[in-house]
Each structure stands twice: as structure tokens, then as C-alpha cells.
Amino acid sequence: MNKKFYITTPIYYPSANFHIGHCYTTIIADALSRYKRLNGYDVFFQTGTDEHGAKIAQKAEENGVTPKEYVDEIIENAKDLWEKLEISYDYFIRTTDESHVKAVQAMFQKLYDKGEIYKGSYKGLYCVPCESFWTQTQLVDGKCPDCGREVKEVTEDAYFFKLSKYQDKLLEYYEANPDFILPLSRKNELINNFLKPGLEDLCVSRTSVKWGIPVPFDPDHVIYVWLDALSNYITSLGYPDENAELYKKYWPADLHLVGKEITRFHAIIWPAMLMALDVPLPKQVFGHGWLIIDGGKISKSLGNYKDPREYIDSYGVDAVRYFVLREVPFGADGSFSEEALITRTNADLVNNLGNLVNRTISMAHKYFEGQITNPRVSASVDTDLIQSVEALKAKVDAKMDELKVNEALEEIFDVLRKCNKYIDDTTPWTLAKDENELPRLKTVIYNILETIRICAILLEAFMPTTSEKILNQLNTQARTFATIEKFGNLEEVTLNKPEILFQRIEVSE
Ligand code: MSP
């Protein structure tokens with residue numbers, strides 16, 4: 001049986017249409033999913049939307065529609081965006097799905113019956129836009145540490161989850177599973193800022209909010225948003241039915257990809273909830289950095305961004321995918337700007353990749369009418385290229401396993417660069433002038449095309465459209481990972497006509 005890989009993105013708030021920051025996590029999750037599938041894994045890739053809470057209700061009211069009507073439209077828009085970005089998710093969960101609502105209520109009941117949830121009264125500092133409660137010590141200059149806005153004091157009857165009792169258990173779990181939270185800097189931050197100072201019990205219901213899942217035995221309360229939201233990762237699989245097929249097959253999750261500001265919910269509250277339910281914990285939570293525009297976070301409330309479809313329309317889907325996957329060292333923050341996207345596209349996709357494919361296929365047509373064979377007239381200059389190509393798959397595998405997606409791409413583009421240099425070193429145009437050199441010329445062209453084939457197959461997870469275009473131009477059937485373990489599986493093919501992969505983007509002054 002194939003090994004399984006269950007990967008999730010956060011479920012996004014549909015309070016406004018999605019921006020390039022949401023695309024960032026989702027594109028990375030997509031590349032990781034596709035890569036695992038190519039490596040033979042049975043992948044379950046889940047994304048979705050987190051639809052309850054005060055903020056959404058407020059937005060709906062401002063727009064004169066019901067919360068459900070409000071989110072329905074945004075979700076339609078989000079699904080269209082994911083389609084345009086070629087996101088290959090297997091399941092899209094909405095927290096308004098009836099199955100999710102029922103499952104969350106059953107979980108709440110179970111936790112209450114086990115004494116893990118109790119009724120009390122809540123007095124706390126609440127940031128409305130972030131829907132987060134903070135303790136006095138967590139505030140920065142008296143304001144919300146995430147968004148810098150005012151917090152307000154709130155008192156109301158509420159149910160609490162006994163989070164405080166899991167402090168030591170969580171620390172033990174981190175110790176026993178050193179890769180549970182990555183990157184390590186994020187883990188240390190959580191331990192020092194949240195676990196060591198002591199965990200407080202967590203408020204898990206509200207009476208002031210109406211748009212949410214009612215507490216099954218006390219319907220004046222709605223279930224407070226994080227318990228509702230985090231549960232999505234198992235309700236989609238059929239939990240609380242522990243015999244549900246998907247649940248048995250895919251849980252525990254292999255990777256929860258989340259932004260840095262919500263790592264603490266996933267690495268503290270979520271595992272504690274699962275411990276309380278006697279459910280196995282996910283294997284890894286990775287907290288990535290943010291895409292920054294003009295030095296600040298891209299923000300729906302600041303409105304400092306374009307609809308991502310505008311970038312796709314201007315530069316093509318693969319330029320957008322490539323940029324976000326390549327530009328930012330995973331884990332760190334990185335800048336997003338159209339200027340940087342254009343520079344990357346021209347340097348890597350137009351010059352390095354596009355020109356290589358185009359000029360090689362053109363040469364093959366010019367010299368051999370597109371008929372490819374390999375007479376194996378080798379020279380020492382071939383060895384270095386062939387060795388690099390043969391070592392590439394293992395290198396990319398290793399980088400992807402470490403979630404260093406940008407470095408995985410770097411490895412592939414290094415080989416492409418090497419291949420361009422190989423053309424300069426072998427000068428096919430000179431060989432073409434001498435009849436006796438034709439067998440050598442054929443070998444040189446073959447080596448370049450075989451390098452291109454292998455790189456194109458490795459690029460599929462990152463840029464599926466471009467990969468397919470290249471393989472179609474090569475007219476090859478050899479397209480699987482099994483065909484790239486060694487150099488030389490490109491068949492005797494007749495190439496299709498060359499087509500430009502990426503147009504140079506001219507920048508008007
Ligand atoms: N609904 C919660 C998540 C619940 S998961 C059980 C939420 N939603 S969100 O829409 O505000 O953010 C979702 C994700 O998008 C977060 O991981 C966040 O870090 C990410 N991003 C939002 N803006 C971003 C950037 N500018 N750059 C990168 N990621 C960003 O939090």
C-alpha cells in the first residue's frame with residue numbers, strides 16, 4: 001500500500017476576498033502535495049474556510065446580507081482563485097458544513113462529559129479584529145501584539161477548556177518529538193513566551209457572539225472560534241466516528257502548514273484538545289513567515305494589495321507560483337512586489353529556463369528536423385552535466401522533506417544553468433559545420449534535451465503548466481519520477497515545434 005501524506009493549510013477567514021498572502025501558504029501546500037504524489041504517496045490535501053465569529057457577522061451586516069450569504073460569495077471567489085492557481089486540493093472544508101457543525105458539537109459534549117470543559121465567567125482583554133484574547137503580559141504597549149490595535153475588557157459567562165493542565169504534557173511532547181514544531185526558532189518562542197509563563201484555561205464559548213455553532217446543551221452560548229476552527233482537521237475525515245474510512249486512513253496529519261501568528265494555536269491549543277479527546281497528535285506544525293508589502297503585512301483591513309488574479313493575468317500562473325515558492329526562504333518573512341516578481345521571471349524563467357528549452361528545440365529542428373537519437377559519442381565535458389542531473393532528484397527530495405521549497409527550486413535551476421553553460425562549452429553551432437561531427441552533435445543535443453526532460457518532470461510540482469508544455473514539446477512519454485532515476489530515458493522522439501514558454505516582461509519607466 002502507498003504511504004499516506006495528510007497536509008493542511010489553515011482554514012482562512014472569508015471576511016474579504018483572499019490576497020497573495022493566502023495564496024502563499026496554499027501554493028506551498030500545493031507544491032508539497034504534488035511532489036509527494038509524484039513520489040507515490042497517497043496524499044490528502046485539505047484547505048477551507050473558517051466562517052464563524054463576530055468579525056464575519058459584522059461584515060455581513062455592513063453589507064446588508066446574512067453571514068451565510070456573505071461568506072458564500074467569498075468562497076465562490078476563493079474556489080475560482082484556487083482553480084486559477086492550479087491548487088490540487090482534495091477537500092475544501094467549510095465550518096458551516098452541517099457535518100462539521102455536528103461533529104464540533106459532539107466534540108464539545110465529549111469534552112464537557114469528560115470534565116475537560118467547565119462553566120465559569122470570563123474577564124479578559126479581547127482584540128475584536130483578531131478574535132483573540134490576551135493576557136496583560138502578552139500585550140505590547142497595552143495593545144494587541146498581533147495587529148497593534150486597542151483591546152477591550154470583556155466579562156461574560158463562558159465555558160472553559162482546561163488548557164492549564166496540559167502545560168507539562170505539552171513540554172514533554174515537544175521534548176519527545178523535536179520536529180513537532182518547526183522552525184526551531186518558532187518553537188523556542190512558544191516555549192519561552194507561552195508555555196513557561198504558564199497556560200491559562202481557555203475560553204471556548206461566547207454569549208456575545210451569535211454567528212457560531214451553538215453549545216449543544218446550552219444554546220445561549222456559541223462555541224468560540226478556535227475550538228470550532230481547529231477541529232476542521234479531523235471533522236473533515238469523519239471524526240468523531242473513529243471508524244470513518246478517511247479518519248482511519250489519514251489521521252494523524254503529517255503536516256499542518258500555518259502562518260507564524262497562528263502557530264501557537266496549532267502547537268498548544270490543538271494538541272491539548274486532542275490529548276483531552278484521546279486522539280493522536282499531528283506529526284508536525286510548520287509556522288511560516290509572512291509575505292510583506294512595503295515593509296508591512298499584507299492586510300485585508302489595510303487593503304494594500306491587488307486581487308491575485310491580476311498578477312496571474314499579467315504574468316501567468318507559473319510566474320506567480322514560481323515567485324512565491326522561490327523568493328522567500330521558508331520560515332522567514334519575504335517581500336512581495338511586482339518589481340521583484342518581474343525581475344525573477346525575466347532572470348530565471350525567461351533567460352534560464354525558457355531560452356534553454358527554446359534554443360535547444362530550435363537547434364534540433366534546424367540540424368535534424370526534430371529527430372532525436374543518441375549515438376553516444378561522449379566527451380569528458382558530458383560527465384559533469386550527467387552527474388549533476390543524476391544527483392538532482394535525491395537533492396530535491398531532501399530539500400522538500402525539510403520543507404525548503406525555495407532551495408529545492410534552486411537546485412533545479414542550478415542544473416539548468418549548468419546546462420546552458422554546457423551549450424556554451426560544446427558549441428553545437430560549430431559542430432554543425434563539420435559532417436564528421438554530426439554524431440557528436442546528436443549526442444550533445446540529446447544530453448541537453450534529456451537534462452531538460454528531467455528538470456521539467458521535477459518542476460511539475462512547482463509549475464505544472466510549464467512542465468507539461470515542455471514535456472509536450474519534447475513529445476516524450478517518459479514523464480514519471482521512475483524515469484528520472486538515471487540519465488538516458490528520453491526515447492527516440494520527433495520533437496514538436498518550439499513554443500515560447502515565457503515572454504520577457506518589459507518594464508515601462
Ligand atoms: N481562520 C484562522 C486560521 C484557522 S486554522 C484552524 C486565520 N485565518 S486568516 O485568514 O487570518 O489567516 C490564515 C493564514 O493566512 C494564516 O496562516 C496567516 O499567517 C496567513 N496569511 C495571512 N496574511 C499573510 C501574509 N501576508 N503572508 C503569508 N501568510 C499570510 O488565521
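Which residues in α14 meet which in α15? This is a predicted model, with local features needing pLDDT of at least 70 and side-chain atom pairs pLDDT 80 or more, while totals for chains, interfaces and linings use all residues. Residues are numbered from 1 along each chain as its sequence is written, and side-chain values use heavy atoms, with hydrogens and water left out.

**View A. Helix α14 against helix α15.** Here residues 380-401 (α14) pack on residues 405-426 (α15) at about 170 degrees, axes 9 Å apart (axes are lines fitted to C-alpha atoms over the stretch in contact; angles run from 0 to 180 degrees between N-to-C directions; helices are DSSP runs of H or I, at least four residues, numbered from the N terminus). The two are therefore roughly antiparallel (angles over 145 degrees). From α14 come V381, D382, D384, L385, S388, V389, L392, K395, V396, K399 and M400; they meet V405, E407, A408, E411, I412, V415, K418, C419, Y422, D425 and T426 of α15 (heavy atoms within 4.5 Å).

**View B. The largest cavity.** A search of the whole structure turns up one cavity of 30 Å³ or more (on a 1 Å grid over the protein atoms alone, points where a 1.4 Å probe fits but cannot get out; lining residues have an atom within 4 Å of a point). Its volume is about 70 Å³ (the space filled by probe spheres set on the points, which are joined across faces, edges and corners). Twelve residues line this cavity, and G53, R206, V209, Y224 and V225 sit closest to its centre.

How values were computed:
Angles under 35 degrees count as roughly parallel, over 145 as roughly antiparallel, 65 to 115 as roughly perpendicular and the rest as oblique. On a 1 Å grid over the protein atoms alone, a cavity is a set of points where a 1.4 Å probe fits but cannot get out, and a pocket is an open set with protein on both sides within 12 Å along at least five of seven lines; lining residues have an atom within 4 Å of a point.
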